[in-house]
Each structure stands twice: as structure tokens, then as C-alpha cells.
Amino acid sequence: MGRRREPVAPPVAPWVRTRLRAAPGAAAALALLVALTACLAGAYPRAVDRYEDAGLRRALRQARPEHTTVRLSAPQPDLGLPPGRRAAALRPAALERQYTKVLGTIGEPLAMDRAQSAYGVAGTVTPAVPDPWLPRPTGLPARVSLTAQSGLAAHARVRTGRLPRAARPVDATTPEVEAAVTAATAESLRIEVGAVIHVPAPGRRPLAVRVTGILVPRDPDGAYWSTVPLLRTPSLVTLPTPGPDPDRYWLGALLLAPEAAPALLGTGTDPARYWHLAPDPRALRAHDLDRLRPAVAALESGPALQRARAVTDQGADVDTDLDEALAAFSRLRSGIAPLVAVAAAGTATVVAVVLLMTGGLAADRRRAELALLRARGASLTGLAGRLLAETAVVAVPAGALGLAVALLAVPAGRVAPAVAAALAATLTACAALPLRAALAHRTVRLTAPREDIASVRPSRRRTVAELTLLVLAAGAVAGLRRRGTTGDQLVALAPVLVGVIAALLLLRLHPLLLRRLSGPAGRLRGAVGHLALARAGRTRASAVLPLLALLTALTTAAFGGSVLAGVAAARDRAAVLAVGADARADASAPLPAAARARARAVPGVRAVTPVAVSHQARPADGQDEVPLLGVEPRGYARLTAHTALGAFPSDRLAAVRARPLPALASPSVAAAYGTRRPFPVRLADGSAVTVRIALVRDRTPAVHGADFLVVDRAGLPAPAARPTALLLTGDRVDAGALRHAVGTSATVRVRAEERARYADSPLQSGAEHVYTAAVATGAGFAVLALLLSLVRAAPERAALLARLRTMGLTRAESRRLLILESLPQAVLAAAGGALTGWSAITLLSPGIDLTAIALPTAASPAPTAGLRPDTWSLALPALAVLTAAVGVAALQAWWTGRRGSVTELRAGDGR
């Protein structure tokens with residue numbers, strides 16, 4: 001009896017491998033899209049971190065170490081202690097132990113730069129020294145500051161002599177010590193190696209300080225030398241004494257050896273111990289700002305100060321302006337970050353829509369296959385799981401690759417936010433196809449229902465969702481208008497929500513517009529127009545995603561373009577207000593007669609307007625000084641019109657003999673002296689002219705202040721009429737040639753250089769670059785959304801054209817049919833996007849201030865920079881959408897005509 005053979009199960013092909021082999025092109029396209037999206041998503045937070053960290057470092061450098069260094073100081077030891085203990089407390093070993101313990105009391109994230117930090121002993125009183133060979137500018141003796149600071153050998157190079165040292169233990173009775181001075185101190189105070197300076201000491205002979213070396217700082221701008229600038233650079237102190245020649249004296253620093261610090265106890269300098277802790281800008285991060293400020297506050301008057309006192313002296317105190325530098329940076333950052341968040345939110349919305357459209361396109365392409373699987377008993381969960389698996393196999397490695405590229409392309413910044421952003425993009429791509437298929441096939445149907453936009457009625461759920469979005473959008477807009485960009489994250493979504501609401505509204509209006517157009521189109525000759533409208537009406541109702549992507553991208557592009565245009569306009573205006581022309585040359589004395597001709601010959605200069613400026617003019621023989629400007633009326637009037645700074649008709653300022661000079665005045669001067677009666681103006685040389693205010697303007701190009709008088713230069717006395725300034729008009733003025741033309745006696749300022757100075761901040765320029773990149777990315781993905789929507793209908797259109805060509809449709813009519821079919825949605829998106837962008841800008845502009853991102857933190861002559869609609873930013877994206885839609889339709893018609901009708905009408909084709 002033979003063995004019974006077991007039935008063998010038929011082999012089952014693996015689902016994922018089979019699907020990938022069946023559509024390798026679609027899998028490769030999905031991988032490319034996911035990799036690109038993950039790369040952009042991962043690069044964005046790191047780019048923001050990079051420019052914010054660079055801005056923080058720039059802010060600390062500009063604040064200077066004398067303000068950012070944490071200065072911990074303690075008074076000299078108690079006078080009741082034995083002399084030996086008092087001297088030991090000032091020796092380097094004791095100070096170093098305390099320095100190490102103080103560093104341990106500082107908590108994260110406040111990192112200190114040990115290479116630039118220092119400790120030591122310094123006199124708090126600067127005594128006058130009697131040595132007669134020291135310079136005395138007004139007869140007062142020079143003063144010196146005695147300082148024994150650690151690390152002198154590592155931070156200075158010996159130019160002459162040697163470093164100071166202490167051969168034997170030093171105490172309060174030591175008669176002589178050694179010191180060094182910097183080269184700047186030696187030059188100003190005429191100190192040479194071997195010189196002896198006698199520092200007065202109460203109750204004993206003066207302390208002799210012998211100079212053994214002249215030093216050159218290795219890093220003069222570092223915190224070691226710049227926390228107390230007197231260590232490297234002497235100061236000429238001016239006393240507040242009355243008279244034209246106030247008393248002055250020199251003040252310099254003598255750098256003792258650290259071991260010689262106890263000698264200060266025997267002088268009247270009142271020595272104090274100190275520990276200078278320099279923050280390390282390279283280790284500070286902008287995202288830690290909310291922790292940095294409390295850490296600095298704890299050092300100034302909190303637990304960290306108590307811990308520092310416990311390891312040094314109970315009388316120790318902390319002084320620093322680091323908190324003010326951090327607060328100024330925080331204010332600038334808080335004004336820029338919300339604007340960048342607006343662009344990021346819009347771009348993220350467009351990218352998410354494109355990823356969802358990709359899943360929808362795949363689900364529509366496989367509609368019949370998935371419907372058959374459901375009809376044969378496949379569960380919805382199992383079907384979604386298989387689709388998720390086949391998508392994840394492609395998307396997860398692509399997302400990891402995109403993240404790796406982002407980390408390499410932007411090496412600075414945090415890793416966790418980049419990973420989270422790339423992971424979100426990858427998960428969205430993985431979930432798009434399963435979710436779309438689950439929604440489309442949640443019910444098993446024998447035939448697919450009509451889903452064209454003209455027949456599907458909005459459901460109640462959709463109505464509720466649209467009303468919810470409308471309420472959120474209204475709340476976000478109201479919050480932004482009331483609180484500005486300092487609100488919560490919902491405020492950053494305001495432009496996006498406005499675009500979403502506009503997309504939903506246009507989708508409801510789209511069928512009505514098509515029905516309105518169908519009547520006139522039916523009366524036209526030929527069937528192309530009527531057929532195109534019918535085809536447009538058969539567009540799937542799922543076209544909400546392409547329209548949403550287009551409107552969101554157009555709104556974000558219009559908003560972002562208007563922001564960038566507003567930033568550029570604010571910088572241009574600030575540069576014009578600062579310079580007063582395209583370029584100018586100012587001198588304290590009259591310029592040479594040939595200076596005007598030489599300036600006119602400079603490349604790029606079209607016109608030169610000479611101005612005689614007298615800053616010491618006194619109207620009505622009073623004590624108040626008002627700048628008096630002597631100009632040529634015609635040339636100056638053209639300049640004011642060119643710069644839009646107080647334009648006026650030139651004939652109103654022309655001088656007339658035997659009459660008072662007509663004058664253009666500022667409002668404050670006009671209010672002070674009146675506009676009806678003439679009044680005299682006494683000039684600096686004693687001469688006088690009589691003027692009458694004929695014009696009042698808020699600004700004028702030649703001066704920046706709020707007080708000025710402008711008159712015809714021909715009516716001034718000859719000495720006062722000589723020009724002291726040249727205002728130049730032209731494009732791309734050569735600044736170097738202009739400086740050479742006017743000579744070294746005049747100060748040259750060029751508007752282009754002034755404008756470039758406004759954009760040199762890493763925080764502002766970095767935010768502007770990221771904003772531009774975000775808007776460009778959103779626009780690119782919007783074009784991709786448009787292409788995906790056209791690709792979805794491409795097979796059906798190709799089959800339709802093939803059938804119509806067999807019935808006599810010409811190639812020209814084929815092109816017109818596809819173009820007219822794509823125009824309704826493209827025109828709707830373009831017009832709606834431009835209108836939505838204009839509406840969003842108009843609604844949100846009261847709450848948006850562009851000053852933080854446009855201009856530096858320093859006071860600027862420009863007013864507040866507001867947001868205004870920019871025509872090009874509204875028109876260009878809309879025209880790009882129309883051009884892309886028409887171009888793709890024409891290209892498809894041309895390509896279909898080349899392939900022929902037989903290929904498109906094969907038997908069994910599922911299109």
C-alpha cells in the first residue's frame with residue numbers, strides 16, 4: 001500500500017514584489033517624490049536653526065565683551081584677618097580653585113569660553129602717580145590701574161623685554177614688583193622697558209612698579225582683553241570742567257604677575273578679586289533662548305549667585321549686560337519667526353496636498369483592481385494593510401535617503417526636528433494610498449457611481465467641515481489683526497486657512513459657472529466649445545485637492561511675494577532717507593570748485609546737485625540753531641521728485657531781488673517762526689539774510705533732522721553760498737571713483753552700500769532666504785499638483801481624442817478641445833488665487849510689521865514697514881498657472897496626434 005500524497009497548495013506570488021514589478025515607473029516616481037519631500041522637510045528646521053544661531057552669535061559680537069561677560073567680583077579679604085591669610089586669599093592658587101568651582105555652579109545651557117575667561121586681582125581705585133616723565137596734557141598727573149590677571153602669557157606676544165614675574169613671595173610690604181604694558185599703553189604714556197612707576201601707598205614708601213616688557217595682544221577683540229578695555233588701550237579722561245579747554249589726564253593699566261597680586265594690599269587701590277566668565281558664542285543656541293535668559297537671571301540675583309558666593313565670598317556680586325543682549329535678540333527673533341512660519345505653513349499644506357494627490361492618482365489608476373478584490377471578499381483592513389506595505393517599501397527608504405541628504409546639505413542645526421519633519425512627510429506619503437482606497441471602497445459596489453463635479457451634491461458632513469474651517473479662518477484672521485504675528489500657531493495658518501476657504505467656495509461655485517456657460521456655448525458654431533464645457537463638467541469631484549493646492553500655493557506665493565517686495569521697498573526707502581540721494585559727498589568746509597565737475601564725470605552719475613549747508617544759522621537772532629540749506633531750485637526740485645522727499649515746484653523757491661528769500665521749511669520751523677512775516681537769519685560768519693517761509697515739507701534730501709530751512713543759493717552771501725555737499729543722481733554709482741573724485745576731505749555715502757548694510761544681518765538675511773525658498777517650494781509643488789491632476793485624466797483624454805479623430809476632428813480642433821477643457825479650472829484657480837491673495841494681504845496687513853525682517857535693530861530713519869499687495873506677486877503666479885495648464889494641454893494634444901488612433905483604441909483597453 002503506497003503512501004498517500006498530501007495536497008500541495010498552489011504557489012502564491014508575494015503581493016509587494018508583484019506590485020513593484022508590475023509598475024516600476026510609478027514606484028520610482030513615488031520614491032523620487034518622497035525623497036525630495038523628506039529632504040526639504042528635514043532641511044527646513046536645520047536651516048532655521050542655522051541662521052538663528054548665526055544671528056545670536058552676531059548679536060553677542062555686536063554687544064561687545066565688556067557687556068556680555070559675566071563679571072563676578074568680591075572685595076578684598078576682611079581687614080581683621082591676619083596678613084598672611086589676607087595675602088593667601090589673593091594668590092593664584094586660591095583664585096584658581098574658586099574659579100573652577102564657580103564654573104561648576106553655572107548650569108546649562110549657558111556655556112562659558114574658558115580660553116577667553118580669566119581671574120585675578122585689580123585695584124578699584126586708580127591713583128595719580130607723581131612721576132614727572134609721564135605725559136600730562138593739561139598738567140594733571142597720569143593715573144594707573146594695577147591688575148594681576150591670569151593667562152597673560154597665553155594671550156599676549158612679547159614685543160620688547162619679558163613677562164613680569166615674582167621671584168619671591170609677595171605681600172603687602174613688598175617694596176617693588178614687576179609689570180608689563182601693552183604696546184598702545186606704552187606709546188600713549190611713553191613707557192619704555194626698564195621704566196619705574198611709583199604708586200602711592202598710605203603709611204609707607206610708594207610701591208615701585210618696574211616695567212619689564214611691552215606686549216601685543218594676540219586677540220585684542222576677545223573677551224580676555226575687551227572685558228576691561230583699559231587693559232589693552234589707555235584712555236584720555238576728560239573732566240567735566242567749565243571752559244573751552246577742560247582738564248584731561250591719561251589713564252593706563254599696569255599688568256602685574258599673578259603672584260604679585262598681594263602687593264596691592266599695601267597700596268591705596270582698594271584691590272578686589274574678580275572672575276570674568278566669557279560666554280562661548282559657538283556653544284550657545286537660539287532655540288535655548290528660553291532657558292538662557294533664566295540662567296543669566298539666576299546668576300545675577302538667584303540661586304546661581306548664592307552658589308557662587310558659597311565658593312568665593314559672601315560679599316561677591318555679579319554684573320553683566322548679557323541679559324539685555326539676549327532680550328534684544330529675542331525681540332528681533334520674535335518679530336521674524338512668525339513671518340517665516342506663515343510661509344512654512346503654506347508650503348507644508350501644498351506639499352501634503354501633493355502627497356495625498358499622489359495616493360489618489362494611484363487609487364484611481366487601480367480602481368477596477370481594488371473593486372474586484374473587494375468583490376471577491378478582501379477585507380477593508382487587509383486591503384489597506386497590503387497597500388500600506390507596498391507603499392512603505394518604496395517610501396521609507398526614499399524618506400531615509402532624503403533625510404540623509406538634508407543632514408549633509410545643512411550640517412548645522414538640531415537633528416530631532418529634522419527627523420520629525422522628514423518622518424511626517426514619509427508617513428503622509430505612506431498613508432495616502434491606503435486611506436484613499438479605503439474611503440473609495442468602503443462599500444462593495446457592482447458599478448461605480450458618477451462622481452463628476454456637476455452632479456455630486458455636497459454632503460452634510462462636508463458642509464459641517466467647511467463651516468468649521470470658516471470659523472477657524474475667521475478666528476485666525478481676527479487674532480492676527482488684533483495681536484499681530486505674536487499670537488499662537490493658528491495665527492501662522494491664517495493665509496492658508498483663507499486659501500482653503502476660498503478653494504471650498506470656488507468648488508461650490510464651479511458647477512454654477514459651468515451651467516451659466518453651457519447655454520452660450522451651445523449656440524456657438526461647431527461642437528468643440530460645447531464638448532469642452534461638457535468635459536469640464538465631467539471632472540471628478542475629487543478635484544478639490546488640485547484646486548486646494550493651487551489656491552494655497554497662489555495665496556502663499558502672493559503673500560510671500562508681497563512680504564519680500566515690502567522688505568525690499570522698506571530697505572530702499574530707509575537707504576534713500578539715510579543718504580538723501582543715490583550718492584552724496586559731505587565736507588565740513590566748502591568743497592573745491594572743481595569737485596562738482598569731477599563728480600559729474602564719475603561713471604553712473606547723471607546729475608549733481610550742490611548744496612551749501614550751514615548748521616549754525618540762527619533765525620530771528622535767537623539762540624536756536626537751524627540748518628540752512630542753499631540750493632539751486634531747479635536741480636534740487638528734480639532731486640526731491642526723484643527721491644520722493646518733499647517735492648516742490650522750483651519757481652516757488654527762486655530768489656527775487658529786493659525781496660525776502662522764499663524758503664522751504666520743516667513743520668516745526670514753520671510753526672516757530674510763522675509763514676506770513678519775513679524774519680532774519682544770522683549765519684555762522686556773522687552775515688544775515690531775510691527769508692519768508694513759502695513752502696512747508698516734512699522732509700528734504702539734504703538733511704535728516706526735523707528742523708531745516710531751504711533757500712535759493714543765489715540769494716546768499718558769497719562765502720555762505722559755497723557748496724559743502726554734493727547730492728548725486730544716477731544708476732550704479734561707482735563709489736570708489738566718487739571717493740577718488742572728491743578727495744579725502746569729504747565723506748562719501750552711496751545708497752546701494754547703505755541698502756546692503758540693512759541686509760547683512762544673519763538673522764534677517766537668513767530668514768529672507770528661507771522665506772524665499774519656502775515660497776518657491778510651494779510654487780513648485782503647486783505646479784506638480786496641476787500636472788498630477790492633468791496626468792490623472794490623460795489616458796481618458798487620449799482615448800477621447802482618438803475616437804473623435806476617427807469621426808473627423810482635426811488636430812487644431814483637438815488642441816482647442818483640450819485647452820478649452822482645462823481652462824475652466826485653470827482660470828478659476830488663477831483668478832481665485834489672485835483674488836484670495838489680495839484679500840489675505842488686505843485682511844492681514846494691519847497685524848503684520850515687516851520692520852524686524854527688513855531693517856537692522858539700530859534706529860533707522862525709515863518709518864514702520866507695512867505689508868501691501870504687490871501687483872507682480874499677484875499676477876505672475878496666476879499667469880504661470882494658466883500658462884502651465886494651456887501648455888500641458890497643447891503638448892498632450894500634439895503627442896496624442898503623433899501616436900495615432902490605432903494605439904489608443906486597442907480592444908480591451910480599460911480607458
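Predicted model: local features only at pLDDT ≥ 70, side-chain atom pairs only at ≥ 80, totals over all residues.

Author: Our pair is helix H13, residues 380-409, and helix H14, residues 416-440. Their axes sit 8 Å apart, and the two pack at an angle of about 155°. Angles over 145 degrees count as roughly antiparallel, so H13 and H14 are roughly antiparallel to each other. As for handedness, H13 and H14 cross in a right-handed way.

So which residues of H13 and H14 actually meet? On the H13 side you'll find, among others, Leu380, Ala384, Leu387, Glu390, Gly399 and Leu407. Facing them from H14 are residues including Ala418, Val419, Thr426, Cys430, Pro434 and Ala438. Sort the whole contact of H13 with H14 by class and you get 18 nonpolar, three polar and one charged residues.

Now try helix H26 (residues 794-806) and helix H27 (residues 811-844), which pack at about 140° with axes 11 Å apart. This crossing is right-handed too. Arg797, Leu800, Leu801, Leu804 and Arg805 of H26 touch Ser814, Leu817, Leu818, Glu821 and Ser822 of H27. That contact splits into five nonpolar, two polar and three charged residues.

How far can you trust the picture? The chain's mean pLDDT is 83, with 88% of residues at 70 or more. Over residues 907-911, though, the pLDDT is below 50, and that stretch has seven contacts in the model beyond near neighbours in sequence.

Notes: Residues numbered from 1 in each chain as written. Heavy atoms only, no water. Axes fitted to C-alpha atoms, helices over the stretch in contact; angles between N-to-C directions. Helix = DSSP H or I, 4+ residues; strand = E, 2+ residues; numbered from the N terminus. Left-handed = near helix turned anticlockwise from the far one by under 90°. Contact = heavy atoms within 4.5 Å. Nonpolar A, V, L, I, M, F, W, Y, C, P; charged D, E, K, R; others polar. pLDDT = per-residue confidence, 0-100. Parallel < 35°, antiparallel > 145°, perpendicular 65-115°, else oblique.
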